[in-house]
Amino acid sequence: MLGFPHAPPDGLDGRVLVESPLVAAVAADDPFAGQAAVTLDELAARPLICLPRGHGLRAALDAALAARSLTARVGFESGAMTLLLRLAARGAGVAVVPEPALGAAGVAALARPPVAVPITPEIRTRLHLVWRSGGPGGPAARALLESLLR
């Protein structure tokens, strides 16, 4: 499974398993916490906590910002979504994550979990099940793929 904001790159075929909007996750006492939504301009003005470059979610965020001639001010990067959310909950910055990530058990168990604030305009990310174009080479891999696609 791989994350891409759009279709998989050349040489790969796939199916979208999950498509989610990105949200700004912040500490309960953060100024964004009381807002109905956060704009891209507001996001670009704050230190962000996000996944590293090369991840589909990060590509979606960077593309949305670049479309408005903005760049992310990244304060912290990690490939561990729960860590991003724990840092945001403690006020270390604004985590940009898929909305469903806030429901993870490790996040829900926090004494003061982060608050999700929608981003406007909406940014969406997709998680794809991918395989080489033309399908998997071996019979076991083909059978697994067929089973997963059912």
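**Close-up views of the predicted model**

**View 1. Contacts of L43 and the largest nonpolar core.** In this predicted model, L43 touches A24, F32, V38, L48, L61, V94, V96 and I119, leaving aside residues up to four places away in sequence. L43 belongs to the largest nonpolar core, which comprises 34 residues. Together with L40, V97, I119 and I123, L43 is among the residues that touch the most other members of this core. At least two core residues come from each of the strands β2 (12-26), β4 (47-50), β6 (94-98) and β7 (115-120) and from each of the helices α1 (40-44), α2 (56-66) and α3 (81-89).

**View 2. The peptide bond between T120 and P121.** The bond from T120 to P121 is cis, with an omega near -5°. P121 lies in the loop that links β7 and β8 (124-132). Most peptide bonds are trans.

**View 3. The backbone at S69.** S69 is not a glycine, yet its phi is positive, at about 60°. Most residues other than glycine have a negative phi. The residue S69 is located in the loop between α2 and β5 (73-77). S69 is exposed, because its relative accessible area of 71% is over the 50% cut-off.

**View 4. The surroundings of D13.** D13 is part of strand β2. With a relative accessibility of 33%, D13 is classed as partly exposed. Residues up to four places away in sequence aside, D13 touches P8, L129, V130, W131, R132, S133 and G134. A separation of 14 Å lies between the C-alpha atoms of D13 and R126, which are 113 residues apart along the chain.

Technical notes
Residues are numbered from 1 along each chain as its sequence is written. This is a predicted model: local features need pLDDT of at least 70, side-chain atom pairs count only at pLDDT 80 or more; totals for chains, interfaces and linings use all residues. Side-chain values use heavy atoms; hydrogens and water are left out. A nonpolar core is a set of buried Ala, Val, Leu, Ile, Met, Phe, Trp, Tyr and Cys residues joined through side-chain atoms within 4.5 Å. Buried means under 20% relative accessible area, exposed over 50%, partly exposed in between (1.4 Å probe, protein chains only). Helices (H or I, at least four residues) and strands (E, at least two) are DSSP runs, numbered from the N terminus. Contact means heavy atoms within 4.5 Å.
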